[in-house]
Amino acid sequence: MKRFKRIYIETTNICNLDCSFCIKTGREKLTMDERSFRHIAEEASEFTDHVCFHLMGEPLLNGNIGGFLAVCSELDLKVNIATNGTLIGSRGEILLSAPALRKVSFSLHSYEANSMEIPLEEYLKDTMDFAEEAKGRAIVELRLWNLSRELADGLNTENDKVVSYILKRLGLERDILTEGMGKNGIRLREGLYLGFQERFIWPEKGSGEIVENGFCHGMRDHIGILADGTVVPCCLDSQGSIPLGNVFEVPLKEILAGDRATAIYEGFNGRRLVEDLCKGCTYIRRFDRKGRIIL
């Protein structure tokens, strides 16, 4: 039976921010209940040991998150959560009290992408407080995924302010930005990482250029399950453009063995793109023929 490194579960597709980089979704606004989540988690547990609360939406908006984590503990699933961090002050203890929690990733570039009335230091305070509480209990990743090729070091003015605040809170010198660099990002201390990535274009927007050949890790190391139960092959399929089936109607095992899912997987094996969404995707061009990231 095929195993995935992770399965993305969209616990809600509603968000409390309006980030300029986000494509948004035209799908019906949904927030998953515990019964629906249990069904999805049970299906997912046959194919992975790790689930990620992420696709579209802000996962901490879902008031059932404590129950979701409890279900994952029952099923021996480890949980990664991607969040904009605005609600971590009221949700942090719920997360840290859950044995299933493995990692929390904070999208700190959300501050730059919104017209926020609060000062940057206030926005970051709860995140850094959580990072301190999480020490020895969960991995914390601080993301600045808004780099530009036009900037030599990628540190625009807002990023530099964010990094300066983080280093000050941790009592670190700036040389950690080079000395701490590793494959998982910059290691600030045990279990705490700072990660940079170039801003990407959502597949639905594309670049206008259509290519026929390429490789993706979708259907190979991960799949996604949207809030309505629709299975998609990629964590960037924000609109559900490639629906493979619905887990509330068909077992996940059958969906993954279906013709469309099989064609996508075999296409990637042969470095062929069979779906229109993939042919216009710019993110897919980050991988070489062996699936390695092109720097």
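Leaving out residues up to four places away in sequence, Leu188 touches Leu142, Ile166, Leu167, Leu170, Leu172, Ile176 and Leu194, where contact means heavy atoms within 4.5 Å. This is a predicted model, in which local features need pLDDT of at least 70 and side-chain atom pairs count only at pLDDT 80 or more, while totals for chains, interfaces and linings use all residues. Residues are numbered from 1 along each chain as its sequence is written, and side-chain values use heavy atoms, with hydrogens and water left out.

**Nonpolar core**
- Leu188 is, with Phe53, Leu95 and Leu142, among the residues that touch the most other members of the largest nonpolar core, which has 74 residues.
- Such a core is a set of buried (under 20% relative accessible area, 1.4 Å probe, protein chains only) Ala, Val, Leu, Ile, Met, Phe, Trp, Tyr and Cys residues joined through side-chain atoms within 4.5 Å.

**Helices α4 and α5**
- The helices here are DSSP runs (H or I, at least four residues) numbered from the N terminus.
- Residues 120-133 form α4 and residues 157-170 form α5, and the axes of these helices, which come within 11 Å, cross at roughly 45 degrees.
- Residues of α4 that meet α5 include Leu120, Leu124 and Met128, and those on the α5 side include Val162, Ile166 and Leu170.

**Val71**
- Val71 lies in helix α2, residues 65-74, and is buried, with a relative accessible area of 3%.
- Apart from neighbours within four places in sequence, Val71 is in contact with Phe37, Arg38 and Ala41.
- His50 is 21 residues from Val71 in sequence and 13 Å away in space, C-alpha to C-alpha.

Terms used. Helix = DSSP H or I, 4+ residues; strand = E, 2+ residues; numbered from the N terminus. Buried < 20%, exposed > 50% of the residue type's maximum accessible area, 1.4 Å probe, protein only. Axes fitted to C-alpha atoms, helices over the stretch in contact; angles between N-to-C directions.
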